[in-house]
Amino acid sequence: MNTLILITHLVLAQTPVTARVVQVIGKVELISGQAVAPLDRFGEVPMGTIIATGDDGRCSLRLPSGTLIRLGSNTRVEVASLTRGDPAAARKETIKVSVGRLWAKVTKLFGNDSRFEVQTDNAVAGVRGTAFFVETNGKQDQFVVDHGAISVNGAGGSLSLDGPGAAGGFHDGTLSPTNPLSAGALAAMRADVGGGVTNLLADTDPTGTTSREPFRDTLVGPDDPVDDLQPAARPTDSFGGDASITVRLIVPNL
Amino acid sequence: MTFLTLVLSSLLTAPADQAQARLDAAQVAFAQGDLDLARAEVDAALSVDADNPDALLAAARLARKAGDPDTAARHLARLLELDPDDDDARFELALAQAEVGQRDAAGSTLDALVARDPQRAEALAARARLSSGDDVRGTDTGGVKPLARLGLGMTYDSNVQLASSQVPSTVDRSTPTIDVEAVGGITYGRADQLQGARPFTLLARVTNQTSTDGDEALHGVVPSTIGLIAQGQHRFGAFQLALDMRYTEIFVDSFSQHVQRLIAPSVWASRAMGRHVFRFLGGIEYRDTEDDVTIAGPDNVTYELALRDTMRLAPVRLILDLRGAINKASDNTVQALVDFKEVAGFAYAWVPVVGSLSAFGLGEVAGRAFEAGDVKEVTYRTELGARYGFDVFELHAEYGFMRNVSDRDARTFNRHVVSAGVRFWYQ
């Protein structure tokens, strides 16, 4: 009896499921074998199918785990593996990118067997709760962290990328880090895969401000914009030094 | 013809594409800080494509930002009907439900989220706060909150004495110093509607600098301070009013000699208008000097008015500031180089570079005229700095250059300051 229950649980824990289309802009096609059809918003995408976006095409996919995938224009991906367990965060999901640009916001993995991977022809990016970009032309790959961290493995070695803008890729047969991207460049990449509103959604913190900036604003004098500034000592001051309280101490005999 | 083209174009364009154009416009307005226009554009996107998931989420977030959780909850509930696996929307729905007082519904929403993702830390924390009766966001429960900061650093100053005649010009006035700053205190109240500030703040602050060249290199002028900062803020309609009081005892040579007491009250009003926050400040700085301290001069007071515009041009923050000041000796007698009028302006920009690294730059010009001797001078100041933040501490470095040009040659000088250090935070 116990064995039967265990087997039932294992079967349930690896149920094949479908991804859900949540946004379609411009021309986007669903390719299953030889059949090609326009991709419909809120339609389902089974495992093994291919999605291809046109020159003006973009789309977003929701995986059953909650992970969101956004595809830029002229992008072709295959939903290579898609199984979910119970809870939804326990799953195995693999997206294979042939060409183009992809952004993924990944729900954290639950359990040791869970896996979320984005594959290119050259490398595999594995993550545990993060958002990142993948861009490939089939020969060269670029991986960029939006937030969180990813590890990239390929024939040329492995690479860990940590923090917003951290970047690396597969170039000339090896994996190597590249110059980190600025906040502006990240915003441009978000806009490229989902339109400008992706920046609006990224910039609005749902839980509000918890940073130390309010303290910093309190600590500065009413006339200093930030307390990183050196003291704004005037030549009428006798005092130099690093007192961020403005001091006007007058020397009358000059 | 143009009108016809537009009509045909809109008829032939899919609703999702039309909505996307509106959402792009909303992003531009949002980046410029114009939330009203951003909301209007998102509403326009929903009017042509009511089931657009991006528009629904954007509308919900803008509604919550505007203090309208009811509308936010409505948009999020619809979004979850269309996209039931959107756990971000589910979490935000819980926050919105809690904000409108539907704490049971918020608990159920969080339970559903935790069932899907048992390790989602923000949902677990929000559920725990909800169960204990706290603010579900965990950002501000309104009570007393302690805060503290310890700063350690080094500064190289090419001219600690500025242009005082008390040190001959042949003496090297440059020195490296080791700097220590400790700040501790409390804040009280909720930061809602106060641009991130809490209503009451009380801080104690101690600073000290010692020279690696010995006390002589400080020339008896580099200050050590101990002081209190009290600040209260309140919102009256569209305006935020603040009262700030600072009391500082100033010493030299590492607290070995007391030279001055500084009392500085100020009051300011600010108002947000689109991407701008305008602030008008009036303040007084009264300096009560020890009678037997010859370097300090007479007691004197500064009256200051300032107008500031803080702009958020995401991701850059830009501040433009214009101010005027009058300094007077307290005994109403005209004092050489004590009584003066000053007009100053500065531009300051802060920009996130990458990750936790940010940088700033400042340029300032100040001109002043002294009542006695018809002395006039202009001060130019520029500064560049960077900060890299970690969880509990941050690294910072700055370079500043100041040049004073005066009718009196002895008061014309350059000053270079390089500083770097680490700040540890408890908050």
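**Exercises on a predicted two-chain model**

Tyr188(B) lies in strand β2 of chain B, a strand being a DSSP run (E, at least two residues) numbered from the N terminus. This is a predicted model, in which local features need pLDDT of at least 70, side-chain atom pairs count only at pLDDT 80 or more, and totals for chains, interfaces and linings use all residues. Residues are numbered from 1 along each chain as its sequence is written, chains are lettered from A in the order in which they are written, and side-chain values use heavy atoms, without hydrogens and water.

**Exercise 1.** Determine whether Tyr188(B) is buried, partly exposed or exposed.

*Solution.* Buried means under 20% relative accessible area, exposed over 50%, and partly exposed in between (1.4 Å probe, protein chains only). The relative accessible area of Tyr188(B) is 42%. Therefore Tyr188(B) is partly exposed.

**Exercise 2.** State what share of chain B is buried.

*Solution.* Chain B has 427 residues. Buried residues make up 46% of them.

**Exercise 3.** Identify the largest nonpolar core and its main contributor.

*Solution.* A nonpolar core is a set of buried Ala, Val, Leu, Ile, Met, Phe, Trp, Tyr and Cys residues joined through side-chain atoms within 4.5 Å. The largest has 38 residues, and Ile51(A), Leu102(A), Phe116(A) and Phe132(A) have the most contacts inside it. Strand β10 (residues 91-105) of chain A gives the largest share, four residues. A second, separate core of 30 residues includes Leu200(A) and Ala59(B).

**Exercise 4.** Name some contacts of Phe116(A) beyond its neighbours within four places in sequence.

*Solution.* Contact means heavy atoms within 4.5 Å. Among the partners are Leu63(A), Ile69(A), Val127(A) and Phe132(A).
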